[in-house]
Amino acid sequence: MYFRIEHYAVLVAAMTVAQGARPPEDIERRVNALLARMTLDEKIGQMSQSTSLKTPISEQIRDEIRRGRWGSFLNAGSPADRAEAQRIAMKESRLGIPLLFGRDVIHGYKTIFPIPLGQAASWDPELVSLGARIAAQEAATEGIRWTFAPMLDIGRDPRWGRIAETWGEDPYLASVFGAAMVQGFQGDSLDASDSLAACAKHYVGYGAAEGGRDYNSTWIPEILLRQVYLKPFQAAREAGVASMMTAFNALNGVPVTGDRFAVHQILRTEWKYDGVVVSDYEAITDMIQHGYARDARDAALKAVRAGVDMEMVSTAYFDHLKSLVQAGQVSSTTIDDAVRRILRLKFRLGLFDAPIAAPATASITEESREAARRLATESLVLLKNAGPVLPIVGSAGKMAVIGPLADSPVDQMGTWAMDGRAEDVQTPLSALRAALGRDRIVYAPALKSSRDLSREGFQQAVKAARSANTVLLFLGEEQLLSGEARSRAFLDLPGAQEQLVEEIAKVGKPTVAIILAGRPLTFHDVAAKVGAVLYAWHPGLMGGPAIADVLLGKATPSGKLTITFPRTVGQVPIYYAHLNTGRPAAANELGIPMGNPVNPAGYTSKYVDVDFTPEYPFGFGLSYTTFAYSDFRISGPVLHAGERLTVSANVANTGTRAADEIVQLYIRDLAASVSQPVKELKGFQRVHLAAGEARNVTFSLTSADLAFYNQRMQLVTEPGRFQVWIAPDSTGGLRGEFTVR
Ligand code: BGC
């Protein structure tokens, strides 16, 4: 499937159908009629979201629901609690306004899929969309109708723990995957009982935290904000995303949750966004710590003026909005607009009309497991395969399975898997045992966890390696080292893992490192000591079977990186779509030993103690077969405004195995009124090729695809020369040139 920006149009059409299942005029009429009957207290109640729905539901909460104190609960209650709370809201409150139950359904609900950064490596938006659909069905079964996903932050700093939740570093990819996920969650019709309202978060700039420290300040010039950070949100808006969440961070000195420019000006006025805007967790009162609000009253004033409709967890709205309205500092229109958006969402979801469902439990099915297995398989990225060591042929004798992540269920799931259960996970060890039989596997965890510093288990691991024909080392980072508030200043394998690799390498058996992590790690020396490296992210509950399939050659790896892997943390931030600078480093300046300064040479932009290139570039991933690119063609030398240019190449599978190749389209604007990146992704296709098969892969480009923001913040395509590549990754490929007139 070939993804381009125009595909949003298809998604938008789908969502328009979705929201149009009930005619919009009808919804507007009902919203206004209801609003006219509401007291100010009830309105502010709708603008308030809480976690305090606990089992058993307290008398106080029952009473508050009856009084319309809450519009929504998040991450709270059991299915039975939610059904009961909904009954109270709809049957015992004055106006019968239903509650909206939200939850962090990030990469699966019961069926846990790979972390988003892993899903992105599949370059398969359709499969990602299917994963979101399955998650929606499972969550909706248990009474949840709102998810706080997709996360659309751009991640260019692997120190930041939440990079695990991103689609990587590229705004085009984040846009495509974000839209695909929105469609999966929201389905064909938002008011279907198995649809979830999606929430694009964290609006905006959260991923650019200084030093990769979570919640930290971001300084993003408006031109970069529009060119990179806002793009995926705009795409989600086009795809009909039902809500957005404001971020924790201050953007250029102003916490986004109180930023009228970001929320009111861009989102509401420029994009005409009419969905709900919810704050992040206590982000409204956090503005006091930020030094942007004097107190909770001031914070409520700033957030509501910015355009935040609902307050998550803190209670500044409930405590202060009424008196702010009475004092004339907040207009009743501002309140009504916010409440209108919340009610509109509840109507769109069909909550007013649906019968109160009896509590039910979602279960994992064979189909959901199969989808999780496919997505995990496609997300695996083969980074090295010398020899080749992989795939391991069936007759290859005994295997030593070593390492702290071979059999740790929770670590397979990764961050944000609160509804995933350890007992549902098939670990790599269990999958390999199932595939090969128990007696062909010798298992030695060697370390108790990825952070374990003790070498107590090394001896047994070395013994296991000696007894086997092949060694499979499961290394990386456990679940709790990535995700929210999990920033790292070191990107190498924690604990005594590097020492473990050293000991095992001495045994001299063919060795494969399978690295599970929530971020790009640095493992230069480890990679040098093993024959093959398979990057597995946190692959979800079917990660084990997916890894076993790839190791044993039942599946061919096809994933490619959507984030640049640095050689060392000191190179961060490092990303493919950088500007060229006036003094770019050149290929003949490579060869600098890592960490060992050389005599300075050449006045170019680089380091004296490490090569300027990354360890593994954006778009990179190996296969068990080889592909050859040839016959590059452009339909014409000139692209006129409003016209279309076709770019094509022949891609051949020159090996002996059927495989998927992810073919990428990049462009570069050679001279513009604002310097443009050295490369920018503009399209991709995942193509399946049988052994020996060749296919013509065609992309098209319009002048709109080449547009960028100029200094006056206008989206323009300027005339001039462009380069274009069809490539297997961001560093190679076939290149041509055309001119825009
Ligand atoms: C996170 C959000 C999440 C929210 C609710 C916050 O701490 O930043 O991403 O949706 O909590 O759990």
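Biologist: How far from an oxygen atom of the ligand is an N or O atom in the side chain of aspartate 104?
Modeller: This is a predicted model, in which local features need pLDDT of at least 70 and side-chain atom pairs count only at pLDDT 80 or more, while totals for chains, interfaces and linings use all residues. Residues are numbered from 1 along each chain as its sequence is written, and side-chain values use heavy atoms, with hydrogens and water left out. For aspartate 104, the distance between these atoms is 2.4 Å.

Biologist: What percentage of the ligand's exposed area does the protein bury?
Modeller: Accessible areas come from the Shrake-Rupley method with a 1.4 Å probe. Taken alone, the ligand exposes 310 Å². The share of this area buried by the protein is 95%.

Biologist: Which residues around the ligand come nearest?
Modeller: The ligand has 14 residues around it, a residue being near if one of its heavy atoms lies within 4 Å. A polar side-chain atom of histidine 202 lies 2.7 Å from a ligand oxygen, and one of aspartate 280 lies 2.6 Å from a ligand oxygen. The nearest are Asp104, Arg162, Lys201, His202 and Asp280.

Biologist: Which strands stand at the edges of the five-stranded sheet?
Modeller: Strands here are DSSP runs (E, at least two residues), numbered from the N terminus, and two strands pair if DSSP finds at least two bridges between them. The open sheet has the order 5-4-3-2-11, with parallel pairing.

Biologist: Which residue in strand 3 stands opposite glutamine 49?
Modeller: Strand 2 (residues 48-50) runs parallel to strand 3 (residues 72-74), and two bridges join them. Opposite glutamine 49 stands serine 72.

Notes: Helices (H or I, at least four residues) and strands (E, at least two) are DSSP runs, numbered from the N terminus. A polar contact is a pair of N or O atoms within 3.5 Å; within protein, one must be able to donate a hydrogen and the other to accept it, and residues adjacent in sequence count only if both atoms are side-chain atoms.
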